[in-house]
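Dear colleague,

I am handing over the structure we spoke about, with the sequence and the coordinates placed below. Please look it over first, and then read my notes on what was found in it.

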Amino acid sequence: MSEGYRGRAEVAVAGRQVVVDVELADWFDPISGRHRWRGRLRDLASAFAPDAPPPTGTELTLTLLEPDQDATATARVTDIDLWGSHMIDGISPPPYPAGPDELDLPDGDTSGDTRPEHP
């Protein structure tokens, strides 16, 4: 797992753009053999006021606003949590450097392997 990203991002939905705080994280999914990423967009509903905030299923684009991480990614709103934050799942590579996939590790490198050794 990489460190993810915490900070400000521009969110674009249906031609409208707002800036909100985001928390993004990724992990290696052994079933698909790829990294997945997910995140939380804080105060998206109030940023879109008075219009309706994006409902579940809406596709959006994130652009990180850090000088060294000016990258864009596409995600889909999957849920709205109890505090009103919009939860998203990435449908493109994450907008920050993700950790290496298990398949990308050189042979014999088990530095990320947490499985116990068998005698």
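Predicted model: local features only at pLDDT ≥ 70, side-chain atom pairs only at ≥ 80, totals over all residues.

The mean pLDDT over the chain is 81, and 75% of the residues reach at least 70. Where pLDDT is low, the coordinates should not be read in detail. Among the elements of the chain, helix α1, residues 44-47, has the lowest mean pLDDT, at 89, whereas β6 has the highest, at 95.

The chain has 119 residues, of which 33% are buried, and its accessible surface comes to about 7700 Å², with 50% of that belonging to carbon and sulfur atoms. One helix and six strands are present, and read from the N terminus the order of the elements is β-β-β-α-β-β-β. Of the contacts in the chain with a separation of 6 or more, 48% are between residues 24 or more positions apart.

Strands β1 and β2 are antiparallel and share nine bridges, with V13 having R16 in β2 as its bridge partner. Two residues lie between the strands of this hairpin, and A14 takes a positive phi near 50 degrees there. Strand β1, residues 5-13, is also joined to β4, residues 59-64, by four bridges, again in the antiparallel sense; in this pairing V11 stands opposite L62, and A9 has L64 as its bridge partner. Strand β4 in turn is joined by five bridges to β5, residues 72-80, and these two run antiparallel as well, with L60 partnered by A75 in β5.

The largest nonpolar core holds 20 residues, and those with the most contacts inside it are V11, L24, W37, L41, L60, L62 and I88. The elements that contribute two or more residues to this core are β1, β2 (16-29), β3 (34-42), β4 and β5.

Leaving aside neighbours within four places in sequence, V11 is in contact with R16, Q17, V18, V20, L41, L44, L60, T61 and L62. L60, which lies in strand β4, touches V11, A12, V13, L41, A73, T74, A75, V77 and I88, with residues up to four places away in sequence not counted. Is L60 buried or exposed? With a relative accessibility of 1%, L60 counts as buried, because the cut-off for that class is under 20%. The C-alpha atoms of L60 and Q17, which are 43 residues apart along the chain, are separated by 9.8 Å.

Which backbone oxygen does the side chain of H86 reach? It is that of P54, at 3.1 Å. Apart from its neighbours within four places in sequence, H86 is in contact with G39, R40, L41, L44, A45, P53, P54, V77, D79 and I80.

With best regards

Conventions:
Residues numbered from 1 in each chain as written. Heavy atoms only, no water. Polar contact = N/O pair within 3.5 Å; in protein donor to acceptor, adjacent residues only side chain to side chain. Contact = heavy atoms within 4.5 Å. pLDDT = per-residue confidence, 0-100. Pairing = 2+ DSSP bridges. Buried < 20%, exposed > 50% of the residue type's maximum accessible area, 1.4 Å probe, protein only. Areas by Shrake-Rupley, 256 points an atom, 1.4 Å probe, with all protein chains shown as cover. Core = buried A, V, L, I, M, F, W, Y, C linked by side-chain atoms within 4.5 Å.
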